[in-house]
Amino acid sequence: MSVDFDRLIAREGTASVKHDGRASYFGTTAVTPLWVADMDFAAPPAVLDALAARAAHPVFGYSLYPDGAFDALTGWLASRHRWSVARESVLMCPGVVPTLYAAVQAFAAEGEGVIVQPPVYPPFFSAIRDTGRRVIENPLLERDGRWTIDLDHLERCAADGAKLLLLCSPHNPVGRVWSHEELDGMLDVARRHGLVVLSDEIHHDLIYPGHTHIPLATLAQPGDRIVTTVAPSKTFNIPGLGLSALIADDAERRAIENVFGRLHVSASNPFSVAAFEAAYRDGGPWLDALMNYLETTRDEAIARIAHAMPGIHPVAPEGTYLLWLDCRGLGIDDTALRDFFIREAGLGLNPGISFGTAGSGHMRLNLASPRSVIRTALDSLEAAVRALPRGG
């Protein structure tokens, strides 16, 4: 499938958080926005056609989830991830972040512990703190620029009264695609301590050659308590439509469903349902083209930064379109680092410290823009790095 990912699409004036939210987040609009994890590419033609067809009908009432939506999802998981999922295991949800909040409330009482593995997506923390639960940090280990799970420390965390582990798989922001051995080791800890594991697999389709995403649930043994959340939002660039899916056994699925029920929260929306089905049914060729494009962008960006920007070490993502930059070699603190990227490089990135203290000294760069945008951004960053006084 031929897709023009080099096409520049103006997003200003569309109420885009990534573009129209620059002034409130960075204090200026004079930055290239490479932060919020959505893409600057048009959604797949199949999705656009489905939305246009639904918009052509003049009534937008309450919606059901049609058989086609379930069939499209389970067919996708079977063909792309070798995971056979029964329809009755699926619960449609209003998004992955709401599901994180619901899971924390379903499986941990106020004051009880929930494990996170920082540096990690900020809502992992807020889902715990906002609901009065206790954050237990199991920081990832960094070894020679590669991040891994600290299983020995995880064992101690689980023994500290934890009820739930929030797993990010693939991991945002470090870009790891967890290995069979790492996932097995984590599940062994969960079994010994009776943990529920919520596996956020929203980036599971964005995997580079040489790596394979393993759905955690495919490694389950009888009695394991695993909740998996997936969505077409990152894969097909439709995060604004909100619909996600949760996959779990009866007890865990009903526990989360009860939380949503108490709030009378519905994921039903005629446009999100139409897009969800079309993306999973017909979006495969578009995704394949996307990953080819992103791989080239990733490799070019890593080579450029590694060779031309002393003080910055790019961590090659195994999955996701997010590039984790180790900027500790610049020798400046987190406040100065954020200001440097904004004021000197003219770039709007996510500060690593926002992913927890383990992210200190890092920045997260979103690669999912036309390559010309990324190249221009790297030109600006290189010039800013070279202008720094020697030693930072």
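Tutor: A pocket is an open set of points on a 1 Å grid over the protein atoms alone, where a 1.4 Å probe fits and protein lies on both sides within 12 Å along at least five of seven lines; lining residues have an atom within 4 Å of a point. A volume is the space filled by probe spheres set on the points, which are joined across faces, edges and corners. The model is predicted, so that local features need pLDDT of at least 70 and side-chain atom pairs count only at pLDDT 80 or more, while totals for chains, interfaces and linings use all residues. Residues are numbered from 1 along each chain as its sequence is written, and side-chain values use heavy atoms, without hydrogens and water.

The largest pocket holds about 1,100 Å³ of space. Its lining consists of 46 residues, and those nearest its centre are Ala37, Asp38, Ile238, Pro239 and Gly240. Three helices, α3 (45–55), α5 (96–107) and α9 (233–236), each contribute at least two residues to this lining (helices are DSSP runs of H or I with at least four residues, strands are E runs of at least two, and both are numbered from the N terminus). The greatest contribution to the lining of the largest pocket, 3 residues, is that of α5. By class, the lining of the largest pocket comprises 29 nonpolar, 11 polar and 6 charged residues; Ala, Val, Leu, Ile, Met, Phe, Trp, Tyr, Cys and Pro count as nonpolar, Asp, Glu, Lys and Arg as charged, and the others, Gly among them, as polar.

The second largest pocket has a volume of about 410 Å³. Helices α4 (67–81) and α12 (284–308) each supply at least two residues of the lining of the second largest pocket, and α12 provides the largest share, 5 residues. The lining of the second largest pocket divides into 6 nonpolar, 6 polar and 5 charged residues.

Helix α12 also contains Ile305. Ile305 counts as buried because its relative accessibility is 0% (buried means under 20% relative accessible area, exposed over 50%, and partly exposed in between, with a 1.4 Å probe and protein chains only). Leu325 lies 20 residues from Ile305 along the chain, and their C-alpha atoms are separated by 9.3 Å.

Among the strands, β8 (residues 196–200) is mostly covered, with 5 of its 5 residues buried. Val196, Leu198 and Asp200 point one way from β8, whereas Val197 and Ser199 point the other way, and all are buried. Strand β7 (residues 162–168) pairs with β8 in the parallel sense over 5 bridges, pairing being assigned if DSSP finds at least two bridges between two strands. The bridge partner of Leu165 in β8 is Val197. From β7 the chain crosses through helix α8 (residues 180–193) to β8 in a right-handed β-α-β crossover; right-handed means that, with the strands pointing away from the viewer, the path from the first strand over the helix to the second runs clockwise. Strand β9 (residues 225–230) also pairs with β8 in the parallel sense, over 5 bridges, and Val196 stands opposite Arg225 in β9.

Finally, the cysteines. The whole structure contains 0 disulfides, a disulfide being a pair of cysteine sulfur atoms within 2.5 Å. The sulfur of Cys93 is too far for a bond, because the closest cysteine sulfur, in Cys168, is 17 Å away. Cys93 is buried, with a relative accessible area of 0%, and Cys327 is buried at 1%.
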